Amino acid sequence: DPNGFGMSELPPIITFYANNACQWQNISPRGFVSPISDNALHYYNYKYEGEFREGKYTINKIQVIPKRDYEPLLQGTLYIVEDDWAIHSLDLLATTKSNLEVLDTLRFQQVFLPLKKDTWVIKSQVLYPTVKFFGLDIAGYMATVYNKQKVNEPMPDTIFNNKITSVYEKDANKKDTSYWTDKRPIPLETDEVRD
């Protein structure tokens, strides 16, 4: 939309730190039990798959395995930062066996970065929904990248006057292709370039 940013607040950040993650009407009204929820051990089995170093951090790779089918559970991989016990990244999948209502699968990928000591913030989130509809397989993705985040910093009293939840650079949709080629973390598909 040349006059705005369309659905710039969709999808919202999905937090797996909540016990019940991703409650969306008509997709998963019950949400999903987070693999790090207070009661996660009742719903999931875990398998340690090794570790790797990233800078000064040790990252543990953990496979997440649902204990039962047809419950709002996810499967996939969590990467947890040793000693901070924060999510480094994740790649989780919901299927029709997870009680999805409209979609066949919904894949969640998130990457987090350390902002300061003991504070990790989301850097990127990509959702991959798929659905089979009248014999057609339909797939897509919604990618969001976050920069310049502020956590626990003082905010001016007027910040909520206009119900602002996100701020974008004023000239963001007037940038040329070379700017976006350099900044865009996921290259445009051929039809996206055309549109």
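Modeller: The dialogue below goes from the overall fold to salt bridges, aromatic rings and the surface.

Modeller: This is a predicted model, in which local features need pLDDT of at least 70 and side-chain atom pairs count only at pLDDT 80 or more, while totals for chains, interfaces and linings use all residues. Residues are numbered from 1 along each chain as its sequence is written, and side-chain values use heavy atoms, with hydrogens and water left out.

Colleague: How many helices and strands are there in the protein?

Modeller: Helices (H or I, at least four residues) and strands (E, at least two) are DSSP runs, numbered from the N terminus. Here there are two helices and 10 strands. Along the sequence the pattern reads β-β-β-β-β-β-β-β-β-β-α-α.

Colleague: What percentage of the residues is buried?

Modeller: A residue is buried under 20% relative accessible area, exposed over 50%, and partly exposed in between (1.4 Å probe, protein chains only). Of the 195 residues in the protein, 29% are buried.

Colleague: How many salt bridges does the count give?

Modeller: A salt bridge is a side-chain nitrogen of Lys or Arg within 4 Å of a carboxyl oxygen of Asp or Glu. By this rule there are four salt bridges. One of them joins Lys61 to Glu49, with the closest N and O atoms 3.8 Å apart. Lys61 lies in strand β4 (residues 57-66) and Glu49 in strand β3 (residues 44-54), so this pair ties together parts that are 12 residues apart in sequence. Lys61 is partly exposed at 28% relative accessible area, and Glu49 is partly exposed at 36%.

Colleague: Which residue meets Asp69 in a salt bridge?

Modeller: The partner of Asp69 is Lys97, at 3.6 Å from N to O. This pair links distant parts of the chain: Asp69 is in the loop between β4 and β5 (75-81), and Lys97 is in the loop between β6 (87-95) and β7 (105-116), 28 residues apart. Asp69 counts as partly exposed, at 47% relative accessibility, and Lys97 counts as partly exposed, at 40%.

Colleague: With which residue does Asp91 form a salt bridge?

Modeller: Asp91 pairs with Arg107, the closest N and O atoms being 2.8 Å apart. Asp91 belongs to strand β6 and Arg107 to strand β7, so the pair ties together parts that are 16 residues apart in sequence. Asp91 has a relative accessible area of 25% and is partly exposed; Arg107 is partly exposed as well, at 32%.

Colleague: Over the face of which residue does Arg107 lie?

Modeller: A charge sits over a ring if NZ of Lys or CZ of Arg is within 6 Å of the ring centre and within 35 degrees of the ring normal. Arg107 lies over the face of Tyr128, at 5.3 Å from the ring centre.

Colleague: By what is a pair of aromatic rings described?

Modeller: Such a pair is described by the distance of the centres and the angle of the planes. Rings of Phe, Tyr and Trp (its six-membered ring) pair if their centres lie within 6.5 Å; planes under 30 degrees apart count as stacked, over 60 as edge-to-face and the rest as tilted. The whole structure holds seven aromatic pairs. Among them, Phe32 and Phe108 are edge-to-face, with 6.1 Å from centre to centre and 75 degrees between the planes. Phe32 lies in strand β2 (residues 32-33) and Phe108 in strand β7, so the pair ties together parts that are 76 residues apart in sequence. Both Phe32 and Phe108 are buried. Ring pairs link Phe16, Phe32 and Phe108 into a cluster.

Colleague: Which residues make the nonpolar surface patch of about 480 Å²?

Modeller: Patches are made of residues with over 30% relative accessible area and no salt bridge: like charges are joined within 9 Å, and nonpolar side chains (Val, Leu, Ile, Met, Phe, Trp, Tyr) within 5 Å. Accessible areas come from the Shrake-Rupley method with a 1.4 Å probe; for residues, only the protein chains shown count as cover. Phe133, Phe134, Leu136 and Ile138 make this patch. Phe133 is found in strand β8 (residues 119-133) and is partly exposed, with a relative accessible area of 46%.
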